[in-house]
Amino acid sequence: MSHTAITTTKAPSAIGPYSQAIALGNTVYTSGMLPIDAEGNLKEGIIDQTHQALKNLQAVLAEAGLSLEDVVKTSVFMTDLEQFQQMNEVYSQYFSDHHPARTTVEVSKLPRGARIEIELIAVKRI
């Protein structure tokens, strides 16, 4: 089974030698999405940053023909877990009825000075 790179201009370009996402069979694995808009601007504050990271992931999933309803697992990396509740409030707006498995960890630093990075795995329903 071969894999296919997923790329969209509606999310920031990869800042290194990696793809925005890879599709393998019915599964899509995204790279971590920073809270950077398609023009390369970093959003400010954990609320706006969480919205932007999730919007970027939506755009990548849409390019693959999927939506957030297809997500089975997310991983959230934050530089300050004191902001967990604010992140969680925004996150719940995107996953209100559908609750994929999730891991949230605090990290010491993220690229571009971001406060959050989110990656996910989605499976196309047949």
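Predicted model: local features only at pLDDT ≥ 70, side-chain atom pairs only at ≥ 80, totals over all residues.
Residues are numbered from 1 along each chain as its sequence is written, and side-chain values use heavy atoms, leaving out hydrogens and water.

Start with the strands (DSSP E runs of at least two residues, numbered from the N terminus, as are helices, which are H or I runs of at least four). Six of them make an open, mixed sheet in the order 1-2-3-6-4-5, where strands pair if DSSP finds at least two bridges between them. Pick strand 1 (3-6) and strand 5 (101-106): these are the edges, each with a single partner strand, so one side of each has no neighbour in the sheet.

Next, select strand 4 (residues 71-78), which runs parallel to strand 5 and is joined to it by six bridges. Zoom in on Val76 and you'll find its bridge partner in strand 5, Thr104.

Now show helix 1, which packs on the sheet and touches strand 1, strand 2 (21-24), strand 3 (27-30), strand 4 and strand 6 (116-123). Contact here means heavy atoms within 4.5 Å.

Finally, view both helices together: helix 1 (residues 46-63) and helix 2 (residues 84-94) pack at about 30 degrees, axes 9 Å apart. Axes are lines fitted to C-alpha atoms, for helices over the stretch in contact, and angles run from 0 to 180 degrees between N-to-C directions. Among the residues that meet are Ile46 and Leu54 in helix 1, and Met87 and Val90 in helix 2.
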